[in-house]
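This report covers a pocket, a surface patch and some salt bridges. Please keep the sequence and the model in view while reading.

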Amino acid sequence: MQAKKRYFILLSAGSCLALLFYFGGVQFRASRSHSRRAEHSGRNGLHQPSPDHFWPRFPDALRPFFPWDQLENEDSGVHVSPRQKRDANSSIYKGKKCRMESCFDFTLCKKNGFKVYVYPQQKGEKIAESYQNILAAIEGSRFYTSDPSQACLFVLSLDTLDRDQLSPQYVHNLRSKVQSLHLWNNGRNHLIFNLYSGTWPDYTEDVGFDIGQAMLAKASISTENFRPNFDVSIPLFSKDHPRTGGERGFLKFNTIPPLRKYMLVFKGKRYLTGIGSDTRNALYHVHNGEDVLLLTTCKHGKDWQKHKDSRCDRDNTEYEKYDYREMLHNATFCLVPRGRRLGSFRFLEALQAACVPVMLSNGWELPFSEVINWNQAAVIGDERLLLQIPSTIRSIHQDKILALRQQTQFLWEAYFSSVEKIVLTTLEIIQDRIFKHISRNSLIWNKHPGGLFVLPQYSSYLGDFPYYYANLGLKPPSKFTAVIHAVTPLVSQSQPVLKLLVAAAKSQYCAQIIVLWNCDKPLPAKHRWPATTVPVIVIEGESKVMSSRFLPYDNIITDAVLSLDEDTVLSTTEVDFAFTVWQSFPERIVGYPARSHFWDNSKERWGYTSKWTNDYSMVLTGAAIYHKYYHYLYSHYLPASLKNMVDQLANCEDILMNFLVSAVTKLPPIKVTQKKQYKETMMGQTSRASRWADPDHFAQRQSCMNTFASWFGYMPLIHSQMRLDPVLFKDQVSILRKKYRDIERL
């Protein structure tokens, strides 16, 4: 039997080899005959193109190519699954592969820069208050243009915020309305804002119309549908969110450990069924009733009693015991679980309250994740590991907790405290994508003062800004440029402006002096100016207006600027001391004449006072030192309406500069020692240039205060009771031991 098996195996193997050689030989002979024919044709100078002779044969033909934004259909002979057919109707699916390089026309931005056009509102179209706030923020920004031919980006006036079909804010027939816009161009270079999409029961992210190649600025967007470097994830905010300004954060004390009653809190709805119910239904496992309070209620919706479970009554009773605000302001960590959608109002509430957000929303692309490092301000949890949350946050070191809380305050005030900041952050992110060569880095976005106040068009080097000297290991500038604002003709060699010029020039820190000639009379001859050891440059002010004193002149070669009115009386010693103080506070205004603001309850408006009191909130730029970057910020960040007001009044430019610097730094200016006799020099009552002689001068400044506060949306000025004096100032020691001894003699 064994011999028969061996013979059978050998016979089978031999048969296979014979068949293999037979068929292989046929193909080999065929290939040789083809090659001989080709060789023969070549010798006779004939060319017979036959692709089949030179390319391998494939068993199946290649599938036809389809553009990324076109779905294959039955006519192409390619199978399309039912899911793909459903997704074909989804606007997000069609443009899912959109990126700036493929769906954005950069050429529109090269000529006029980054300008944003808002479509005019169509008759009969209702716009919700939240969307009106968004459009108002754009129209009030420096990016806005009313000319579509100059625009780089387009924003619809049609309300796209709420695309939940059950919502009263839902706009019907949006698809046809959008397609009828003559500038739509399949959504190219368009930005669509959206807070709510989808509806019960699945709450999909489809906005209900074909967005084409438009970008989405969307809340509750998932990482699956988020198109990196194209879409922008924005936070979910309520209709009561302030349009401008907004309240400051609630962190009052930097204590370690934080003096807060609760470790982890949450209070909100519990969904018994449907999407988003799994996590909230499990929160009771973590709640301990002591320092971990996770309270939920079933009592919401019309039919909640029909679906209530055995825990509902107990949960509702516990829920009513605690006040949400009290919990929020007395907790170190705040749980932010997903709701029906991925985003939640709890996110912004926790940020403002300095309560570190603990995220439990798997797959949520966090707001402005392209530029914000959320690991510095939040704890990113996993819904599947809910039971590990308490032990995880208890293991965080107290120093780290303080750093997290401080970062929540910075992010809240920099990017989230108002609709305007959310909109401007969105636009700045898009602008950085377009002009990558000057885009802001992660340090700028995640460190005070933030990306909205650090304009990359000024410089791409961080050392040119006054906020990063410590980060870069740099010393503050060692020289300043004195800029003297001259508004009266030069008729005598004894005028205060000439004495001031000489005193500033004698300072050991002075690099040059610029005289800004804002007088109607012609420039004086060179020999009329006194001889100094530093260069003196006289330039004519642009349009002879007040704001021209804060233009970013190329002639200013130093980072430090000593701003002087022509009638200021300062000694060289005072100049030297003020500059040495400024070197320790390069981001602030440092100077001599101080003023203050107050709230007038009787008139319900802000007031302005020049009285010598125990506090101040402004240092006037008639004798002050600051960084020259504020010239650029004043000229390019502030709206034309405020600057035009200043120019028309020929007043308030110093107040506006103080508003700007305090808004950026969140700090007061610094007043330095000064002779008691100082007051603004009262020039002749007949002098056109004397602002101080104008009887309406004080009333105008009162009005300016309120106009400026209205534009900023809040009062940025901060009171201070600190005055910096030289060491040994007024001390009972020998005058020879004092460095700035001349100050005491003034």
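With which residue does Glu540 form a salt bridge, and how far apart are the closest N and O atoms? The partner of Glu540 is Lys544, at 2.8 Å. A salt bridge here is a side-chain nitrogen of Lys or Arg within 4 Å of a carboxyl oxygen of Asp or Glu.

This is a predicted model, in which local features need pLDDT of at least 70 and side-chain atom pairs count only at pLDDT 80 or more, while totals for chains, interfaces and linings use all residues. Residues are numbered from 1 along each chain as its sequence is written, and side-chain values use heavy atoms, with hydrogens and water left out.

**Salt bridges**

The whole structure holds 20 salt bridges. Three of them are listed here.

| Salt bridge | N to O distance |
|---|---|
| Arg384 and Asp382 | 2.7 Å |
| Glu540 and Lys544 | 2.8 Å |
| Arg723 and Asp725 | 3.0 Å |

Relative accessible area sorts residues into buried (under 20%), exposed (over 50%) and partly exposed (in between), with a 1.4 Å probe and protein chains only. Arg384 is exposed at 69%. Glu540 is partly exposed at 46%, and Lys544 is partly exposed at 29%.

**The largest pocket**

The largest pocket has a volume of about 940 Å³. A pocket is an open set of points on a 1 Å grid where a 1.4 Å probe fits, with protein on both sides within 12 Å along at least five of seven lines; lining residues have an atom within 4 Å of a point. The lining has 24 residues, and those closest to the centre are Tyr203, Lys269, Tyr271, Arg340 and Arg341. Two elements, β8 (262-269) and α13 (346-352), each give two or more residues to this lining. Helices (H or I, at least four residues) and strands (E, at least two) are DSSP runs numbered from the N terminus.

**A nonpolar patch**

On the surface, Tyr461, Leu472 and Leu474 form a nonpolar patch with about 240 Å² of accessible area together. Patch residues have over 30% relative accessible area and no salt bridge, and nonpolar side chains are joined within 5 Å. The areas come from the Shrake-Rupley method with a 1.4 Å probe. Leu474 lies in the loop between α18 (469-472) and β13 (480-486), and is partly exposed at 32%.

Terms used: Grid points are joined across faces, edges and corners, and a volume is the space filled by probe spheres set on the points. Patches are made of residues with over 30% relative accessible area and no salt bridge: like charges are joined within 9 Å, nonpolar side chains (Val, Leu, Ile, Met, Phe, Trp, Tyr) within 5 Å.
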